[in-house]
Amino acid sequence: MVEKFKPFLKDVPFSLLLTLLVIICVEEVKPFQTEPTVCIKDGCLRGTVLQNSVGVSYPAFLGIPFAKPPIGKLRFANPQPNDPWTGKYDATKAKDACIQMITLVPMAPLFGKEDCLYINVFVPALEVRDAGLLPVMVYIHGGGFLYGSAQTEQRDPARFMTSRRVIVVTFQYRLGVFGFLSTGDRAAPGNFGMKDQVMALRWVKKNIRAFGGDPNLVTIFGESAGGSSVQFQMLSPLSRGLFHRAVSMSGSAISSWSVPIENPLMLARAQAKVLGIVDASELSTEELVEQLREVDAVELTRSTERLKLWDIHPITLYHPVVEPPEEPEPFLAEDPRAAWRRGAYATVPWMTGSIPNDGSIVTQTIYRNDSLVGDLNSKFVNLLPLILRTSITKEKLARLRKRFLKNTPPSKWITKDNYAEITKLMSEAWFLYPMVRSIKQHHASRKHTPTSVYSFQFRGRYSFSKLYTGTDTPYGITHADEMIYLFRMPLLFPEFPPGSPEAEMTQLWVKFFVDFATHDIVDKVGTCYGEKCEVMTFANTNNRYFPVSKRLVPGLDEEMYSFWRSFLEDK
C-alpha cells in the first residue's frame, strides 16, 4: 500500500504524511501459498505470510488479543485476561494503535483506539520453526509512555526473520492518561500500561511454544520509554520468570523523565479540571475515576495537552507510579531508584546502551523555532528544577554554565547557536548518566550475570530528526535513529539500497541483538567485569569497503558520571 501512494505523497509535508499514513495504512500483505495456522489455549489462529528482507516468506500472526478491551469499566483498571474464541481467529491484519497524540510532530496527529491490547508474532520460515524451539525476542515500543505502537508500518521485524534464529513478538500497551492515570489508592492504583506489558509477557509464556518458541529463553528489548520499561520489568515482582534476558536502549527506569510521579492524585484532579468536571478538587477518588471513565476518549486525549507546563513539555507527563500499600499485586511497590540500588531486580543477562545525542528528542522540538528558543531562554532557570528533577542553586547554575555553556553569552542560556551544547546537557542528564549509574549500581549489587554495553554512533541517510522538526535540516544522529537499523519502517523511511553502508549497518546491528538473545554475551566483548566495562561502539568510517566501524572502547565516561552524581545528589 505504501508503494501505491508514493507518487501522490512525495510532495506532502512530512507531518501530514505521518497523519495520513497512520490512519489509512494497514499494510497489505503479499499473496501466500499456504495458510499458516496455530492453535493456542484460547483457540486457533489463521495467520498470513510476509516476506523478509531477502524475499523469503515467513508466517506472521497479527492482532491477537492478549487482554480484554480496556474500555468502559476496564478503563483505568488492571488488564483482564481475554475470553477464548470459537472458530478460527483471523490473525492476518494488525490492529489499531492505542489512542495517542504525537505532540512531537508539527500538527500533532491524534489517532488510535482504546481497544488496542493486541500482540503480533513473527516466525522464521516454517522448516526452521519445525526444527526445534527458537529463542524469543519480545519488543516493547518507546514513545515517552505517550505514543508509539507495534504496527508493522513503524516496526517491521523482517530483518530479524532473515537471521532465521529467533521468533519476534511485538505488542501494544495503554499510553498517556489511559495507561498511567493514578489516584494513589485502590480507586486507580496506576501503572496500567506497565501491567499490560506484564500481561503480554504472560501470554508469551503461556502460548509461544505453539509457534515454535522457547518460553524459557525470552529476551525483552525496547528503546526510549521502551528501554525504561525493560528496566521497570526487571524491577517488578509481577514479571519474575517471564523473561530471561533484557536489553534497555536509550532509556532507564531511574531517569528523571521516567521515575515515579510524586503526586499522581494532583495530576488526576488537574486532568479532571481541564475537562470541566465539576468539583474535581472535592470529589472522592472513586467518584473522580467514574467521571473520567465517562469522558470521550478523543476528548480525554486532547485535554492532556492543556496540562503541559511549556510548549509540548514535559513530553512524559504521565509515567509509572509507586502503587499504594493496599494494592494486592503492585507492579511497582517502591521507588525504582531505591530498588535498583539495593539489587532488588531480576538476575538476568542485561545489555544497555545509548546514542551520544539522545537528548536531541528534547532540543530538536525547540530549536526548530526561533520564538521557542527565545521563550525558553527567558524561562530556563525556572524550568530547570522540573527538567532535571532536582533543586537548583546559583552554585549549580554556575557549574552548568562552566561545563556546557562556555561560549554562550553570560546573559543567556538558550540561543539559536548553542543547540549542540544544550543537546549535550540533556543527553547526559536524561540518558547517559542514568545508564552509567544503573551499570555501576548493578556491579555494586554483585549481580553475577553477563552485562554488555554499547554506544551507537553510526549516522546514515535517514534520521528521526525529520519527524521531530518537520524539516530536512541535518542535525546529525538523533534519538531513536538506531531503531532504523533494527526494524524496517515503511511508514517513515524507504528501505536501504543493497550494498549501501546503511544496509551493512543493519546486518551488523541485527546480528548484535540476535547474538545477545541466543548467546548471553555479544561476541564475548562489549562486556563489563567487576568495575570495568568495554563499550562496543558502532560508527562510520571513511573506508568504502568497510563503511561501518565496530570496535571496543574501554571504560565508561567517569568524568561525566562524577559531575552528574554530585549535581543530582542521588537518593
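Met-194, Gln-197, Val-198 and Leu-201 of helix H6 touch Ser-229, Phe-232 and Gln-233 of helix H7, where contact means heavy atoms within 4.5 Å. This contact of H6 with H7 holds four nonpolar, three polar and no charged residues (Ala, Val, Leu, Ile, Met, Phe, Trp, Tyr, Cys and Pro count as nonpolar, Asp, Glu, Lys and Arg as charged, and the others, Gly among them, as polar). The model is predicted, so local features need pLDDT of at least 70 and side-chain atom pairs pLDDT 80 or more, whereas totals for chains, interfaces and linings use all residues. Residues are numbered from 1 along each chain as its sequence is written, and side-chain values use heavy atoms, with hydrogens and water left out.

As for geometry, the axes of H6 (residues 192–207) and H7 (residues 225–235) come within 11 Å and cross at roughly 70 degrees. That makes H6 roughly perpendicular to H7 (angles under 35 degrees count as roughly parallel, over 145 as roughly antiparallel, 65 to 115 as roughly perpendicular and the rest as oblique). Axes here are lines fitted to C-alpha atoms, for helices over the stretch in contact, with angles running from 0 to 180 degrees between N-to-C directions; helices are DSSP runs (H or I, at least four residues) numbered from the N terminus.

Another helix pair is H12 with H15, whose axes come within 8 Å and cross at roughly 145 degrees. Among the residues in this contact are Ile-361, Val-362 and Tyr-367 of H12 and Met-426, Trp-430 and Phe-431 of H15. By class, the contact of H12 with H15 comprises eight nonpolar, five polar and no charged residues.

On the domain level, the chain is assigned domain 1 (37–354) and domain 2 (359–569), with bounds from an automatic or database domain assignment.

Of the 32 lining residues, Leu-309, Pro-314, Leu-317, Leu-386 and Arg-389 lie nearest the centre of the pocket. Helices H8 (264–274), H12 (360–367), H13 (370–388) and H15 (419–444) each supply at least two residues of this lining, and H13 gives the most, with six residues. The lining divides into 22 nonpolar, eight polar and two charged residues. A pocket is an open set of points on a 1 Å grid over the protein atoms alone, where a 1.4 Å probe fits, with protein on both sides within 12 Å along at least five of seven lines; lining residues have an atom within 4 Å of a point.
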